Amino acid sequence: MRAFGYARAATADDAIDAGATGARFIAGGTNLLDLMKVDVERPDRLVDIGRLPFTKVEDQADGGVRIGALVPNSDLAAHPRIRRAYPLLSRALLAGASGQLRNKATTGGNLLQRTRCYYFYDRALPCNKRDPGSGCGAIGGFNRIHAILGASDQCIATHPSDMAVAMLALDARIEVRGSDGTRTIPLAELHRLPGDTPHIDTNLAPGDLIEAVTLPPPPGGTQVYRKVRDRASYAFALVSIAAALTVEQGVIARAALAFGGLAHRPWRDPAVEQALVGERPSTAAFNRAADLLLAEARGQGHNDFKIDLARRTLVAVLREAAGAPQ
Amino acid sequence: MPSLSVNGVERRLDGIDVRTSLLDLLREQLGLTGSKKGCDHGQCGACTILVNGRRINACLTLAVMHDGDEIVTIEGIGTPDALHPMQQAFLHHDGFQCGYCTPGQICSAIGMLDEIARGWPSHASADLENIAIDDAEISERMSGNLCRCSAYPNIVDAIREVAGPASRREPA
């Protein structure tokens, strides 16, 4: 590993000042240190934010919940309020990583983890995300795990988080503190599509510190998180779906759907949800939703199967959430 | 000056290269070679230790990030003359072949049973509120510990034996 400076931030302002002048935040470190060992991340300085006071899960006056950015994934999954009111978030967290990693990985860090594209990780291979202008090895290469939606001719990487998919379906917002103060933005506006700047994962500026994630009151209805992967545990999603579905008097009254494993960011498509609202749950209605979701889907060869897999997983998740026989 | 406690002994980190992982501190500088370096990327679990009672991968964290923390390694779990019940159970059930993953398996299993005792659910839990411990739960919760000799059936047997009382506790 290359040499770097290390300092522990005593306050959030310390961290933001250091971040604005080029230091990288480290908290759990499970992704950043991994990438530093393979020389993909090369920070000159680390500022350790691990002991800042962002460790609480608090009920909000509006009936929602505020999750400190440093709450470990394991604690968040097990938190009584999350388990009872937002079970799809618990389920998503528990579907990710291993027990050891969940004990260390934080809420903010999970959102900011980087892709597990093999080309991104291997310095001997081209990658526009790692080395802009070097090309994309995955296009025309090995691309079984890659994106079928929203990709560009520069990058077809996917976002690896399960937690972020669940939070997107739950209409999460993030509290970001930067040099100009604190602002709250929808989680949907955090992650970017690759376009011609795949080296930029998010819309945060240097020094922007995620302090918390807030969730509105629980959506009601039935919540489901389903993850399809190559082995039963400790693997990234090929396709994952977070669903919150409310059926009233036999008709779908509300649908929130977010998708993992399909795109450069957790994916949500309002048209798919609108197409379901007002429909009676049926395989035909669910397939029409899948048609909309996948209208622009494009396989890259090895990942062509994801188009059918996403359709079948969506139909199965909607059946489960609607209480229909599987 | 930063320091941490390792198996109850205070250790100062004077002049440490900040790149030193907690695992390398334990193995290379403190001579505690029970914790093993397998992949060095958090994938195999051979380096699993307990930090403030929680199981983590010692390879994916820097020693300097642990000022004031209490570290327990396999050397602090038990001794040949006074084995921890989990060590005894691994012996009884022959929960290993080459033994390289075993310190990590044992530390992980101890941390994992504490998580169950606190009522934490897992991906294998049908009900997030009421945790029933069975082989599927043990396998899921131990998926961060690989055993290339594939002693998994006996590892699960060993953990199930120790889990007995913990599994009957009520969730938090």
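How many residues of domain 1 of chain B are in contact with residues of domain 2 of chain B? The tour answers that at its first stop.

Before starting, note that this is a predicted model: local features need pLDDT of at least 70, side-chain atom pairs count only at pLDDT 80 or more, and totals for chains, interfaces and linings use all residues. Residues are numbered from 1 along each chain as its sequence is written, while chains are lettered from A and ligands numbered from 1 in the order in which they are written.

**Stop 1: the two domains of chain B**

Select residues 3-77 of chain B for domain 1, then 85-167 for domain 2. These bounds come from an automatic or database domain assignment. Taken over C-alpha atoms, the domain centres are 21 Å apart. Across the boundary, 15 residues of domain 1 are in contact with 15 residues of domain 2. Contact means that the C-beta atoms of two residues, placed from the backbone, lie within 7 Å. On the domain 1 side, β3 (48-51), β4 (54-57) and α2 (74-77) each supply at least two residues. The largest share, 3 residues, comes from β3(B). Helices (H or I, at least four residues) and strands (E, at least two) are DSSP runs, numbered from the N terminus.

**Stop 2: where the chains meet**

Now show both chains. Here 29 residues of chain B are in contact with 27 residues of chain A. On the chain B side, β4, α4 and α5 (135-141) give two or more residues each. β4(B) gives the most, with 4 residues.

**Stop 3: the largest core**

Select Leu88(A), Ala92(A) and Ala166(A), which are among the residues with the most contacts inside the largest nonpolar core, a set of 151 residues. Both domains of chain B give residues to this core, so it lies between them. Such a core joins buried Ala, Val, Leu, Ile, Met, Phe, Trp, Tyr and Cys residues through C-beta atoms within 7 Å. Buried means 20 or more other C-beta atoms within 10 Å of a residue's own, exposed means 12 or fewer, and partly exposed lies in between, with C-beta atoms placed from the backbone. Centre on Ala166(A). Leaving aside neighbours within four places in sequence, Ala166(A) is in contact with Leu88(A), Leu89(A), Ala92(A), Tyr225(A) and Ala242(A).

**Stop 4: a helix pair in chain A**

Select α11 (283-293) and α12 (305-322) of chain A. They pack at about 140°, with axes 9 Å apart. Axes are lines fitted to C-alpha atoms, for helices over the stretch in contact, and angles run from 0 to 180 degrees between N-to-C directions. That makes α11(A) oblique to α12(A). Angles under 35 degrees count as roughly parallel, over 145 as roughly antiparallel, 65 to 115 as roughly perpendicular and the rest as oblique. Show side chains to find the contact: Phe286(A) and Ala290(A) are among the α11(A) residues, and Leu314(A) and Leu318(A) among those of α12(A).

**Stop 5: two loop residues**

Go to Ala97(A), in the loop between α5 (87-94) and α6 (99-104) of chain A. Its phi is near 55°, a positive value in a residue other than glycine. Ala97(A) is buried, with 29 other C-beta atoms within 10 Å.

Then pick Asp40(B), in the loop between α1 (22-29) and β3 of chain B. Phi of Asp40(B) is also positive, near 65°. With 17 C-beta neighbours inside 10 Å, Asp40(B) counts as partly exposed.
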